Amino acid sequence: TPAERGERLAEALSADGYAAEVLHNALGAQLCQHHCPVAHVAAEHPEICEAETQMFSRLLGSHVQRLATIAHGDGVCTTHIPQETKL
């Protein structure tokens, strides 16, 4: 599922210094990055965060939505991963 892939993504991000975790909720999951090694650059170039969000969507196989970024002044980068729906 996208949330399970999110767990693996969080592990990979943490290995690269992002201190990431996935928090599950009734609507899906939230990928939280508690540290951003490139926040100072991303603050001047928000397209970096946009590209990262698009990459997460491709890697997770699901539409995702960025809720907050450290580069924008938020305390944590948060990306919503919606619950997988079955038709």
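## Ala-19 and its loop

Ala-19 counts as partly exposed because its relative accessible area is 37%. In this report, buried means under 20% relative accessible area, exposed means over 50%, and partly exposed lies in between, with a 1.4 Å probe and protein chains only. Ala-19 belongs to the loop between H1 and S1. Although Ala-19 is not a glycine, its phi is positive, at about 45 degrees.

The model is predicted: local features need pLDDT of at least 70, side-chain atom pairs count only at pLDDT 80 or more, and totals for chains, interfaces and linings use all residues. Residues are numbered from 1 along each chain as its sequence is written, and side-chain values use heavy atoms, leaving out hydrogens and water.

## The sheet

Four strands form an open sheet in the order S1-S2-S4-S3, and their pairing is antiparallel. Helices (H or I, at least four residues) and strands (E, at least two) are DSSP runs numbered from the N terminus, and two strands pair if DSSP finds at least two bridges between them. Strand S1 (20-25) and strand S3 (65-68) are the edge strands, each pairing on one side only. On average, neighbouring strands of this sheet are turned by 25 degrees against each other, direction ignored. Such angles run from 0 to 180 degrees between N-to-C directions, the axes being lines fitted to C-alpha atoms, for helices over the stretch in contact.

S1 and S2 form a hairpin with two residues between them. Six bridges pair these two strands in the antiparallel sense, and Leu-23 has Gln-30 in S2 as its bridge partner. Strand S2 (residues 28-33) is also joined by six bridges to strand S4 (residues 77-82), again antiparallel. Here Gln-33 has Cys-77 in S4 as its bridge partner.

## Cys-32 within strand S2

Cys-32 is found in strand S2. With a relative accessible area of 5%, Cys-32 is buried. Not counting residues up to four places away in sequence, Cys-32 touches Ala-19, Ala-20, Glu-21, Leu-23, Val-76, Cys-77 and Thr-78; contact means heavy atoms within 4.5 Å. Tyr-18 stands 14 residues from Cys-32 along the chain, and their C-alpha atoms are separated by 9.0 Å.

## Helices across the sheet

Helix H1 (residues 2-15) lies across S1, S2 and S4 and runs at about 160 degrees to S1. Helix H3 (residues 47-60) lies across S2, S3 and S4 and runs at about 135 degrees to S3.

## The salt bridge

How many salt bridges does the structure hold? There is one, formed by Glu-52 and Arg-66, whose closest N and O atoms are 2.8 Å apart. A salt bridge is a side-chain nitrogen of Lys or Arg within 4 Å of a carboxyl oxygen of Asp or Glu. The pair links distant parts of the chain, with Glu-52 in helix H3 and Arg-66 in strand S3, 14 residues apart. Both residues, Glu-52 and Arg-66, are buried.

## A nonpolar patch

On the surface, Val-38, Val-41 and Ile-48 form a nonpolar patch with about 180 Å² of accessible area together. Patches are made of residues with over 30% relative accessible area and no salt bridge, like charges being joined within 9 Å and nonpolar side chains (Val, Leu, Ile, Met, Phe, Trp, Tyr) within 5 Å. Accessible areas come from the Shrake-Rupley method with a 1.4 Å probe; for residues, only the protein chains shown count as cover. Val-41 lies in helix H2 (residues 39-44) and counts as partly exposed because its relative accessibility is 35%.
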